[in-house]
Amino acid sequence: MDVRGWWDERVVPRLVDRSLDDRIAGPWRDSVCGGASGTVLELGFGSGRTLPFYPPAVTRVLAVDPSDLAWEMATVRVTASRMPVERVATDAASLPLPPASVDTVVSTWSLCTIPDLDGALAEVRRVLRPGGSFRFVEHALAASPRMARVQRAIQPVWGRVAGGCHVDRDILGLVRGAGFEVDTAHEGYLDAVTSPASWFVMGSATPGSS
């Protein structure tokens, strides 16, 4: 394994788990996961930190994550979960699920990293049942032109050290472009911290009629 592969596979999952612990990310997970119900497809499941935030209305979680280490780190949380949890895929752009087979799709700080995001969003729309909800919180391209320029400038380096993460993606625009109607609950800096990775968007989306 080369240095880049070792970093992405053995270091990045631990950094993500620590940087997005419950002290920092818990309130956001509570908002996103609290509205989920039925069978949930979770993109970027990671170490399973979302599991305690799912309400009783959630009956099953289908996990998608490329990292074997993250799945290993999730073992204790998966075992303790009141609902069954199954890892169904490593690539969000290729889901082995039938059309209209899930009630809710959840993503917490994952859309920034998926290599083929257009393909993944198409898959989300395919597997989400009519009337289902796509719920997400992500960092994204800032509304400020000045910060957006900074984000684009640092992206080549940022992506290499952060496991392919993008701080220069217009998440809301991409979700809308994939045919979803978006209800935005939050768009702004995290707790007034202005940094390239602190512009957050949170919302829910439903498949459009077209």
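Select V175 and show its neighbours. Leaving out residues up to four places away in sequence, V175 touches L111, L121, F134, F180, V182 and A205; contact means heavy atoms within 4.5 Å.

This is a predicted model: local features need pLDDT of at least 70, side-chain atom pairs count only at pLDDT 80 or more, and totals for chains, interfaces and linings use all residues. Numbering runs from 1 along each chain as its sequence is written, and side-chain values use heavy atoms, with hydrogens and water left out.

Together with V175, they touch the most other members of the largest nonpolar core, which has 32 residues. Such a core is a set of buried Ala, Val, Leu, Ile, Met, Phe, Trp, Tyr and Cys residues joined through side-chain atoms within 4.5 Å. Buried means under 20% relative accessible area, exposed over 50%, partly exposed in between (1.4 Å probe, protein chains only). Helix α5 gives the most to this core, five residues. Now pick V32, L51, V106 and W109: they belong to a second, separate core of 23 residues.

Color by secondary structure next. The chain has seven helices and seven strands. Helices (H or I, at least four residues) and strands (E, at least two) are DSSP runs, numbered from the N terminus.

Follow the sheet across. It is open, mixed in pairing, and ordered β3-β2-β1-β4-β5-β7-β6; two strands pair if DSSP finds at least two bridges between them. From one strand to the next, the twist averages 20°. Axes are lines fitted to C-alpha atoms, for helices over the stretch in contact, and angles run from 0 to 180 degrees between N-to-C directions.

Zoom in on β1 (residues 38-43) and β4 (residues 102-108). They run parallel, joined by four bridges. Select L43: its bridge partner in β4 is S107.

Show α5 (residues 117-127). This helix lies across β1, β4, β5 (128-139), β6 and β7 (199-207), at about 145° to β5.

Last, select the cysteines. How many disulfides are there? The count is zero, a disulfide being a pair of cysteine sulfur atoms within 2.5 Å. The closest cysteine sulfur to that of C33 is in C112, 16 Å away, too far for a bond. C33 is buried, at 0% relative accessibility. C165 is in no disulfide either; its nearest cysteine sulfur, that of C112, is 3.6 Å away. C165 also counts as buried, because its relative accessibility is 6%.
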